Amino acid sequence: MDIMKHIWILSIPLLLLMQSIFYLQTLQEDREQGQTAVPDSLLNVSRVKQGPESIPNLVTFWDFQKKKNGAVNYKSRGAHGYVLKEMNGELKTEGEGVFGPTSLRINRGQWLMIPRKDCPALNIHGKQEVSVVAWIKRNGDNTWHYIAGMWNERDAQRQYALFTNAHKQTDYRTLDRTDARYQTHGYVSDSGGATTNRPYCFSYASGKEKLQKEKWYMIAFTYDQKQIKVYVDGQLDTNATYNPFLWDKPIFSGGDLGSDFTVAQRALPKWPGYPQVVNPTHGEGFDGVLGGLAVYNRALTATEMNGLYNATKK
């Protein structure tokens, strides 16, 4: 009995700590949904330093550091070692990184890809959840900076994708669009093609913050089969009826002929010969610096996003 009594006494602090962490996580979620006001000083105690590989359900993570031979390491870490392939010319590195001394400089028109058959775990579809996180610096002012995902518009094989710099944002209540610029966008498609009764895919969340040029950001989106959410620098980038974007449809599955996984560019109808013709025939695509990229087959929580930002912020 004395031993059991001592065990019980020693376990009390642990139980109290677990209860406090759960309480603080709940407060964080409520605050981001606008249900309560909690100061950052209180929530900071629950923010655990964590890198991309410490968070469960990581599929792939690229940090774009160099190998011993000086070449960029395009093989992902995480559950799968998928290798990105440079398209439309050799990509250069810059001497300022997020996860080490280097990052990837991508000029508009340059991009990377993994053929669909070579990355089956990135074929996230159906009732699966997804999160895409990227560490970027924007350089160009052109519209539709595509970051990463499985998103082939030419062949109506859209699944999921992270963008910035769209020129429109969609109201989830009406699916009407209004002007946007320099914001972050998270897309999912249930059909692969255009949204019903709309000319394009309109199922996407749009954050409010306008991304400045030449500044590091951690941008991300999640989809939990209930809402699409966009995050900027670890915080839900709340934007009226544009983010979160209420949506409960399964992610499109393209089967064996579906989209490749691409970075910095996606296939468009204006791009005949893709992917053999590697030079895009349009003026869209990412123009900037990419410091890291991670994909999860789960919708990360607000606490995980905040912790990831705090662990990696520049």
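**Entry 1: contacts and overall make-up**

I began with contacts, meaning heavy atoms within 4.5 Å. Among contacts between residues at least 6 apart in sequence, 67% join residues at least 24 apart. I noted that this is a predicted model, where local features need pLDDT of at least 70, side-chain atom pairs count only at pLDDT 80 or more, and totals for chains, interfaces and linings use all residues. Residues are numbered from 1 along each chain as its sequence is written, and side-chain values use heavy atoms, with hydrogens and water left out.

Next I looked up the helices and strands, and found 3 helices and 18 strands in the chain. Both are DSSP runs numbered from the N terminus: helices are H or I with at least four residues, strands are E with at least two.

I also checked burial. Buried means under 20% relative accessible area, exposed over 50%, and partly exposed in between, using a 1.4 Å probe and protein chains only. Of the 314 residues in the chain, 54% are buried.

I looked up pLDDT, the predictor's confidence in each residue, from 0 to 100. The chain averages 87, and 84% of the residues score at least 70. Over residues 20–24 the pLDDT is below 50, and this stretch has 4 contacts in the model beyond near neighbours in sequence. Residues 26–48 also stay under 50, with 39 contacts beyond four places in sequence. My reminder to myself: where pLDDT is low, the predicted coordinates should not be read in detail.

**Entry 2: aromatic rings**

I searched for aromatic pairs and found 16 in the structure. Rings of Phe, Tyr and Trp (its six-membered ring) pair if their centres lie within 6.5 Å; planes under 30 degrees apart count as stacked, over 60 as edge-to-face and the rest as tilted. For W111 and W271, the ring centres are 5.0 Å apart and the planes stand at 75°, so I wrote this pair down as edge-to-face. Are W111 and W271 buried or exposed? I found both of them buried.

Ring pairs also link W144, Y146, W151, F163, Y187 and Y204 into a cluster.

I followed strand 11 (residues 184–188) next. I found that 5 of its 5 residues are buried, so the strand is largely enclosed by the rest of the structure. T184, G186 and V188 point one way from the strand, and H185 and Y187 the other way. I remembered that Y187 belongs to the ring cluster.

Which strands pair with strand 11? Two strands pair if DSSP finds at least two bridges between them. Strand 8 (residues 157–164) pairs with strand 11 in the antiparallel sense over 5 bridges, and T164 has T184 as its bridge partner. Strand 12 (residues 204–206) runs antiparallel to strand 11 and is joined to it by 3 bridges; there, H185 stands opposite S206.

**Entry 3: strand 4 and its partners**

I then traced strand 4 (residues 103–106), which pairs with strand 3 (residues 92–94) in the antiparallel sense over 3 bridges. Strand 4 is also joined to strand 18 by 3 bridges, again antiparallel. I noted L104 in strand 4, as T93 stands opposite L104 and L104 stands opposite L290 in strand 18.

**Entry 4: a glycine and a helix**

I picked out G149, which sits in strand 7 (residues 145–152). G149 is buried, at a relative accessible area of 0%. Leaving aside residues up to four places away in sequence, G149 touches Y160, A161, D260, F261 and T262.

In helix 3 (residues 302–312) I found 10 of the 11 residues buried, so the helix is largely enclosed by the rest of the structure.

**Entry 5: backbone details**

Where are the cis peptide bonds I looked up? One runs from N243 to P244, with omega near 0°, and another from Y274 to P275, with omega near -5°. P244 is in the loop between strand 15 (235–236) and strand 16 (245–246), whereas P275 is in the loop between strand 17 and strand 18.

I also checked phi. F64 has a positive phi of about 60° although it is not a glycine, and A264 has one of about 80°. F64 counts as buried at 0% relative accessibility, and A264 at 1%.
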